[in-house]
Amino acid sequence: MAEDSIAVVDLDRCQPDRCNYECANYCPPNRTGKECITKRSEAEDPELLDGAPDQIRISEEICLGESCGICVTKCPFDAIEIINLPGELAESPAHRYGENAFGLYGLPAPQEGRVTGVLGPNGIGKSTAVRVLAGEITPNLGRHREEPSWEAVLDEYRGTALQDYLEDLRGGKLDVARKPQYVDRIPDQFDGRTIDLLSGVDERDAVDEVTERLGIAGVVDQDIDTLSGGELQRVALAAALVRDADFYFIDEITPYLDIGQRVTAARLIRELAEEEDRSMMVIEHDLAILDLVADTVHVTYGEPGAFGVVTTPKSTRNGINEYLDGYLEAENMRIRQSAIRFEEHAPRQGSHGETLVEYPALTKSYGEGEFTLEVEPGEIRHNEVLGIVGPNGIGKSTFAELLTGRLEPTDGEVDTRLDIAYKPQYIEIDQPMRVDAFLASITDDFGSSYWNTEIAGPLQLERIMEQQLTDLSGGERQRVAIAACLSKDADLYLLDEPSAFLDVEQRVQATTAIRRYTENNDATAMVIDHDIYMIDLLADRLQVFDGTPAERGHAGQPVGMREGMNEFLANLDITFRRDQNTGRPRINKPGSQLDRKQKKQGEYYYAPEGDEELGEE
């Protein structure tokens, strides 16, 4: 194979018991007597290879590369990828997990006293990079058979921005703190009270200050396994930030958090970096939060599950804009066929269609001293997307379940004649069923050109159709759940937090699927979400929830986007402006000239035209 190509075999997909090794039988080198595609049991040292003995391996030295691609076509399970790497990747990967496995090219460089952001799709190597920089795995420079010594690794990075960092890491001179990506796994690894997880530091005052800022002071005496997802996220962040470390690695801030909690966490990280000269690296998919927290950004690109490339650092604004544009200027690399633009979408003027359903004033009380939700009377219109925003614990999901009939209101009555397709906030999939069989059981349109174009294509379901539902990742489950909701024949499509577990690309694709479906099918949707970018691209009108989380919630009437966003953002004391190049939402720095001006004018939702870049100060 050419030096700029790699062969990747997805062992989760390779099913030799269900095929006749068509890949090997049709491989041109194999047919001339060479051993290009063989069984893993036939390797010189099978113990060095992951996977079952009868699964295939591909010799990258013999393979003809992407120009051939016959094995890719012949594999019935889409388990093989032959990929031409970008031309500039002449150097070895920083790390490769094995033969025919994922490889990471380049590493982000931590910068002292600054916040370095890392942006890119899921499965592209961001967490691998953090694990290398945190000293959890040693970069093997792609030599997975005979791993190089640390001396060889240091020689590889001599003269680069990473030289000093890696030398200090190897010499034990660096203390690092890392917040893990999957906080829901913490109760499986730690048993005890929350304060015990935070008590490994000398300064109790630091613990008290951080927990108070993050709004979790009230749960520190609770057992860790009693916490909600949002509480676990903030506890995990606090556990990293209260440590006295040289570098802090934060693997995703925002999952399970509402917009107010996200901004609070981002501002805390920024303050610690600026006032205490802390060095941080943050991986994040919420672009508004990444824009707020990071000084510079490394963009990662490649082929998820196959290879990832880390760019040199860019200014935060340029890095995010280039990522949305799909073209990396310094690298001369197009990473997406079309740009993601916002200015033609928002703020929408609102739907003026006929009324689909009117609902009266509603109240749902869970008992004396328990949470109570009060809903003002309102209407949902034909062929609109109604966005629903508000803090966690304020009753948004309760309102959704009132509409679907899953909950009975304490006062008022809901029109139960409305046929509603509902995607709940928490997706529980325990059916031992393949994805394609599950979706085919929902709609007769499954597999049709219409269904593939409108739903499966935008949600990128093709590669997971033959997987078991129970084997899916969080992001894969989310996309299947969205597809299942949109595949039903309904009057109203109600989606609760469709952005959860999705990366930037997948969020845009999900937005495209929802928006296109409503427009092309005269359908109506309600979307509850905390991602401002997603709401900005999707919604025609907005319904704002406020109150006191876990005590009292209030749902206002649906209103236009500008009116609704002004109310919502005023409650959070946050102002937004639009980026002049991409039209994307950007959070103004607190106290900046534009922040003060917008608040004075009551325009929290985007700056007056011509003033946008004042927010750069």
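Predicted model: local features only at pLDDT ≥ 70, side-chain atom pairs only at ≥ 80, totals over all residues.
Local features need pLDDT of at least 70 and side-chain atom pairs pLDDT 80 or more, while totals for chains, interfaces and linings use all residues. Residues are numbered from 1 along each chain as its sequence is written, and side-chain values use heavy atoms, with hydrogens and water left out.

Me: Are H17 and H18 roughly parallel or antiparallel to each other?
Reply: Helices are DSSP runs of H or I of at least four residues and strands are runs of E of at least two, numbered from the N terminus. Axes are lines fitted to C-alpha atoms, for helices over the stretch in contact, and angles run from 0 to 180 degrees between N-to-C directions; under 35 degrees counts as roughly parallel, over 145 as roughly antiparallel, 65 to 115 as roughly perpendicular and the rest as oblique. Helix H17 (residues 474-487) and helix H18 (residues 504-520) pack at about 0°, with axes 11 Å apart. The two helices are therefore roughly parallel.

Me: Which residues in H18 does H17 meet?
Reply: Contact means heavy atoms within 4.5 Å. From H17 come Arg479, Ile482 and Leu486, and their partners in H18 are Gln506, Ala510, Ala513, Ile514 and Tyr517.

Me: How many residues of H10 are buried?
Reply: Buried means under 20% relative accessible area, exposed over 50% and partly exposed in between (1.4 Å probe, protein chains only). Among the buried residues of H10 are Gly229, Arg234 and Leu241. Helix H10 is largely enclosed by the rest of the structure, because the buried count is 11 of 13.

Me: What distance separates the end C-alpha atoms of H11?
Reply: The expected span of a helix is 1.5 Å times one less than its number of residues. For the 17 residues of helix H11 (residues 259-275) that gives 24 Å, and the end C-alpha atoms agree, being apart by 24 Å.

Me: Is Asn383 buried, partly exposed or exposed?
Reply: Asn383 sits in the loop between strand S19 (378-381) and strand S20 (385-389). Although not a glycine, Asn383 has a positive phi of about 55°. Its relative accessibility is 32%, so Asn383 counts as partly exposed.

Me: What is the phi of Asp573?
Reply: Asp573 lies in the loop between helix H20 (561-572) and strand S27 (576-578). At 41% relative accessibility, Asp573 counts as partly exposed. Asp573 is not a glycine, yet its phi is positive, at about 60°.
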